[in-house]
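Here is a short report on a protein model. Look over the sequence and the fold, then read on.

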Amino acid sequence: MSKRKFNVAVVGATGAVGNQMIECLEERNFPVKTIKFLASSRSAGRTLRFRGDSVSVEEMTGKSFKGMDIALFSAGGGTSLEFSPIAAKAGCVVIDNSSAWRMDPDVPLVVPEVNPHAVAGYKKKGIIANPNCSTIQMVVALNPIHRKCGIKRIVVSTYQAVSGTGKKAIHELYDQTRAMINFLDYKKNVYPHRIAFNCLPHIDVFLDNGYTKEEMKMVNETRKIMEDNSIGITATTVRVPVFFSHSESINIETEKYISADRVRALLKKAPGVKVVDDVGKKLYPLPIDAAGQDLTLVGRIRQDESIPNGINMWVVADNIRKGAATNAVQIAEILAEKYL
Ligand code: A2P
């Protein structure tokens, strides 16, 4: 790690991902010289802890980025579209967790285990995009297989935790669950239908092609990160009543044959992956085991017996950590180490 220390801003510091970004900066001992916590006017004056100190949350304005080196943004797409260019103009490199910049050809989209070299492209706009949570864990698990035997097609179905929608959604699942088990009326504000004891095949908005925006993020972002537009990808994204960690059922078809054992061996050596796959002992990845740590857990690895070159697997990761905050801080580490 570089000897230099950096002035770091966390935008959306009061949110679910922002809170975790602060924790990751602490845990990973990021070389912070000064820290600034930014949010909306609603949170101005609140305090948050950093390395034992109380730090006041400030309202983000056009002047917030003067003298800052790196800003970790997680305050929604609209906020990012408005403020990222302002931060970049002030000389502060933005690592943005929203979907606002991800498909911009002048903005790198980075998963450090897959395409760390892409960070170099930050110079064009001063912005680096952090991918969609479901995409991150999928490419961490699939990239080693793609490099070895070429993935032709991916069919993925997700089982996504409510924390991905933010703090209000965490409260909504908790409140609805408590209301239902007490035979009380429940309220719904965040999701269009009850999330407690239910599954919603609807994440983000519906598009003209009948897919949701979340599903198309998985298609387009995967191709950009794996640097291969030829991969066929189709996704169904589902919100489930789980607080933390997204799960994914992934089916792939490869160019060259690969056995399930070989996939297991390959993934055991892969960066950021932990193979949890011993069905005899009832061991497979679970959201409750993935939550609170940074590895992408992969299990249920087996041959797809319906085609010659197919593999099925079950992939689980903490959506707030590896799916958002940890990945952003890992990008910041590469920036700090190699580019700033
Ligand atoms: P605030 O708490 O002041 O509303 P989550 O995704 O968990 O709901 O968090 C969203 C984060 O984005 C919060 O920290 C929220 O701040 C922040 N945020 C939302 N709108 C703005 C804005 N216009 N300017 C700055 N921060 C914002």
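## Surface patches and a helix

Lysine 148 has its place in helix H3, which covers residues 133–149. This model is predicted. Lysine 148 is partly exposed, because its relative accessible area of 43% lies between the cut-offs of 20% and 50%. Lys148 also belongs to a surface patch of positive charge.

Valine 279 sits in the loop between strand E11 (273–275) and helix H7 (287–290).

Now turn to strand E3, residues 47–50, where arginine 49 is found. How far apart are arginine 49 and glutamate 23 in space, C-alpha to C-alpha? The distance is 9.3 Å, while 26 residues separate them in sequence.

| Residue | Relative accessible area | State |
|---|---|---|
| Lysine 148 | 43% | partly exposed |
| Arginine 49 | 52% | exposed |
| Valine 279 | 54% | exposed |

Helix H4 runs over residues 167–181 and has 15 residues. From its first C-alpha to its last, H4 reaches 22 Å. That is close to the 21 Å expected at 1.5 Å a residue. Which residues in H4 are buried? They are Ala169, Ile170, Glu172, Leu173, Gln176 and Ala179. An α-helix has 3.6 residues a turn, so residues three or four places apart point the same way. Just after H4, phenylalanine 183 takes a positive phi of about 55°.

Technical notes: Residues are numbered from 1 along each chain as its sequence is written. This is a predicted model: local features need pLDDT of at least 70, side-chain atom pairs count only at pLDDT 80 or more; totals for chains, interfaces and linings use all residues. Side-chain values use heavy atoms; hydrogens and water are left out. Patches are made of residues with over 30% relative accessible area and no salt bridge: like charges are joined within 9 Å, nonpolar side chains (Val, Leu, Ile, Met, Phe, Trp, Tyr) within 5 Å. Accessible areas come from the Shrake-Rupley method with a 1.4 Å probe; for residues, only the protein chains shown count as cover. A salt bridge is a side-chain nitrogen of Lys or Arg within 4 Å of a carboxyl oxygen of Asp or Glu. Lys and Arg count as positive and Asp and Glu as negative; His and the chain ends are not counted. The place of a charge is taken as NZ of Lys, CZ of Arg, CG of Asp or CD of Glu. Helices (H or I, at least four residues) and strands (E, at least two) are DSSP runs, numbered from the N terminus. Buried means under 20% relative accessible area, exposed over 50%, partly exposed in between (1.4 Å probe, protein chains only). The expected span of a helix is 1.5 Å times one less than its number of residues.
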